[in-house]
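Open the model in your viewer and keep the selection panel at hand. We will go stop by stop.

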Amino acid sequence: MARHSGAPGRVGLRVEPRTEPRGRVELAPLTEHLLSIHVGPSARMTCHVRQRYSSGDATLLPAGFSGSWVEEEPRRSLTVRLAPALLRLAAEDLGLPPERAGLTPQHRFRDARIEHIVHALEADRTAARPNGRLYTEGLGLALAVHLLNHYPAPREARGQLSARQSRQVTDYIESHLDKNLSLARLARLVEVSTSHFRTLFKRSLGMPVHQYVILRRVERARVLLQEGTLPISQVALEAGFSHQSHLARCMRRVLGVTPKALARGER
């Protein structure tokens, strides 16, 4: 493939291990697509909501993305940077026009195919690339094709909620966490259909509505438990969970701890 050549930088793909230290991260607009796979011990970070990353969890940030978040604990990952030119080549191989070579942000998701390719690239890198240029190019192109097939940028220019609409929806969710929230009601707030709202919300917030609501409810419960003024069963209801076991199940999945442990002041 003469259009992208030998050394990793010229292939349009670079892989490297990274350790993000504890603290606030300010990300300037990216010039490349950034894909990372968490490989170390589980670690918490906060971006809109507090999340716990476990080994195998992935993040995908497209070129042009910018933002900020807080790393609450050091977080280790394998990071892959893909040049826009490599995505355009993958789009060409898929028979897509160059303007379809974009990606959609994804946060804390799992994809076995991506994980396999990234680990293969890292194994080849640490062994000083014994398999040569074609192997690296082949893996890089396979990764780019997979990303375009599964996480493409929306076709519509108006593919997200506006900043005002996002605030409307998230403020409403926050003030009604203890209520039985409905997609139809949330969609009416921004005057779109329910099915379209689901798509717009995920593109704008990086996760489905139900996942966002669960994360916010877990965060509400965490605060109430650490205040220590309510029994766990009441905290579950105040945070919008149907019962104490529902809270425990979601809290263990999101934070890796139980409500009882938080109520006792354990981390």
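Begin with R129: at 28% relative accessibility it counts as partly exposed. That label covers what lies between buried (under 20% relative accessible area) and exposed (over 50%), with a 1.4 Å probe and protein chains only. Before moving on, note that this is a predicted model: local features need pLDDT of at least 70, side-chain atom pairs count only at pLDDT 80 or more, and totals for chains, interfaces and linings use all residues. Residues are numbered from 1 along each chain as its sequence is written, and side-chain values use heavy atoms, with hydrogens and water left out.

**Stop 1: two loops**

Stay on R129. It sits in the loop between α3 (112-126) and α4 (132-150). Helices (H or I, at least four residues) and strands (E, at least two) are DSSP runs, numbered from the N terminus. Check the backbone: R129 is not a glycine, yet its phi is positive, about 55 degrees.

Now select E191. This residue lies in the loop between α6 (183-189) and α7 (194-205). Its phi is also positive, about 60 degrees, and E191 is not a glycine. Buried or exposed, at 72% relative accessibility? E191 counts as exposed.

**Stop 2**

Select α4. Its 19 residues should span 27 Å at 1.5 Å a residue. The expected span is 1.5 Å times one less than the number of residues. The end C-alpha atoms of α4 are 28 Å apart, which agrees. Colour its buried residues, among them T136, E137, L139, G140 and H146.

Two packed helices are described by the angle between their axes and the distance between the axes. Here α2 and α4 pack at about 70 degrees, with axes 9 Å apart. Axes are lines fitted to C-alpha atoms, for helices over the stretch in contact, and angles run from 0 to 180 degrees between N-to-C directions. The two helices are therefore roughly perpendicular, a term for angles of 65 to 115 degrees.

Which residues of α2 and α4 make the contact? Show L86, L87, L89, A90, A91 and D93 of α2, then G140, L141, A144, V145 and L148 of α4. Contact means heavy atoms within 4.5 Å. By class, the contact has nine nonpolar, one polar and one charged residues. Ala, Val, Leu, Ile, Met, Phe, Trp, Tyr, Cys and Pro count as nonpolar; Asp, Glu, Lys and Arg as charged; the others, Gly among them, as polar.

**Stop 3: the five-strand sheet**

Select the strands in the order β1-β8-β3-β6-β9. Together these five form an open sheet with antiparallel pairing. Two strands pair if DSSP finds at least two bridges between them. β1 and β9 (106-109) are the edge strands, each pairing on one side only. From one strand to the next, the twist averages 15 degrees.

Zoom in on β8 (residues 75-82). This strand is mostly covered, with six of its eight residues buried. Eight bridges pair β8 with β1 (residues 13-20) in the antiparallel sense. Find P17, whose bridge partner in β8 is L78. Then look at β3 (residues 33-38), which is joined to β8 by six bridges and runs antiparallel. I37 has L78 as its bridge partner in β8, and H38 has S77.

Bring α2 back. It packs on this sheet, touching β1, β3 and β8, and its direction makes about 65 degrees with that of β8.

**Stop 4: R75**

Select R75, which is in strand β8. Its relative accessible area is 11%, so R75 is buried. Which residues does R75 contact, beyond its neighbours within four places in sequence? Show R18, T19, E20, H38, A43, M45, Y53 and W69.

**Stop 5: the four-strand sheet**

Select β2, β7, β4 and β5. They form an open sheet in the order β2-β7-β4-β5, with antiparallel pairing. Its edge strands are β2 (23-27) and β5 (49-53), each pairing on one side only. Neighbouring strands are turned by 25 degrees against each other on average, direction ignored.

Focus on β4 (residues 43-47) and β5: five bridges join these antiparallel strands. One to display is A43, whose bridge partner in β5 is Y53.

Finish with α10 (residues 244-255). This helix lies across β4 and β5 and runs at about 70 degrees to β5.

Methods
Parallel < 35°, antiparallel > 145°, perpendicular 65-115°, else oblique.
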